[in-house]
Amino acid sequence: MMRRNTRLLTLSLAVAACTGGRDAALPAADSAAPSISAIPTLPKVGPVEIDSGPPVRLDRTAQGARVVMLPDSGDQINALQPPVLSTSNGRRLAFRGPAVTSDSAYFVGAVMLPLGPADLPLEGTLVTSYCRAGEKLCRTARREVRFSP
């Protein structure tokens, strides 16, 4: 506690020494002195783009159905953090792909979520981590989905 008080006293004396013991008058608002801001001007940014991730569709199969996620050309879906559908009844369903890249970081081809006949209707929040073509950093997209039988 004593050390803290000593630091505060030292800081107060240093500030007083910098001002020379006299009150610094601020220029009047209508003075001719140029106004220079200490805060840099940030570049203007365009409108925020809502990103819902790669398109998904429901395909019927002989065993039931499957949700298929097809990335756009050049986009890559993160295999280290695969897409997950959190259903409204509390289940977490992870998507799978037939293959991954040599570094196991991205899925190759379509990414699927197999469903049984009793799984439909299905609704919940789909969270996908993916990289757009030419980007080196993956983004996370979140959206509400609903699939009917």
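Mentor: Please keep in mind that this is a predicted model.

Trainee: What kind of peptide bond joins Leu120 and Pro121?

Mentor: The bond between Leu120 and Pro121 is cis, with omega at about 0 degrees. Most peptide bonds are trans.

Trainee: And which residue has a positive phi although it is not a glycine?

Mentor: That is Ser104, whose phi is about 60 degrees. Most residues other than glycine have a negative phi.

Trainee: Where is the place of Ser104?

Mentor: Ser104 lies in the loop between strand 6 (99-100) and strand 7 (107-108).

Trainee: Why does Ser104 count as partly exposed?

Mentor: Its relative accessibility is 37%, so Ser104 counts as partly exposed. That class covers values between the 20% limit for buried and the 50% limit for exposed.

Trainee: Changing topic, how many helices and strands does the chain have?

Mentor: The chain has 1 helix and 10 strands. Read from the N terminus, the order is α-β-β-β-β-β-β-β-β-β-β.

Trainee: What share of the residues in the chain is buried?

Mentor: Of the 149 residues in the chain, 26% are buried. The accessible surface is about 11100 Å², and carbon and sulfur atoms account for 58% of that surface.

Trainee: What about contacts between residues at least 6 apart in sequence?

Mentor: Among those contacts, 57% join residues at least 24 apart.

Technical notes: Residues numbered from 1 in each chain as written. Predicted model: local features only at pLDDT ≥ 70, side-chain atom pairs only at ≥ 80, totals over all residues. Heavy atoms only, no water. Helix = DSSP H or I, 4+ residues; strand = E, 2+ residues; numbered from the N terminus. Buried < 20%, exposed > 50% of the residue type's maximum accessible area, 1.4 Å probe, protein only. Contact = heavy atoms within 4.5 Å. Areas by Shrake-Rupley, 256 points an atom, 1.4 Å probe, with all protein chains shown as cover.
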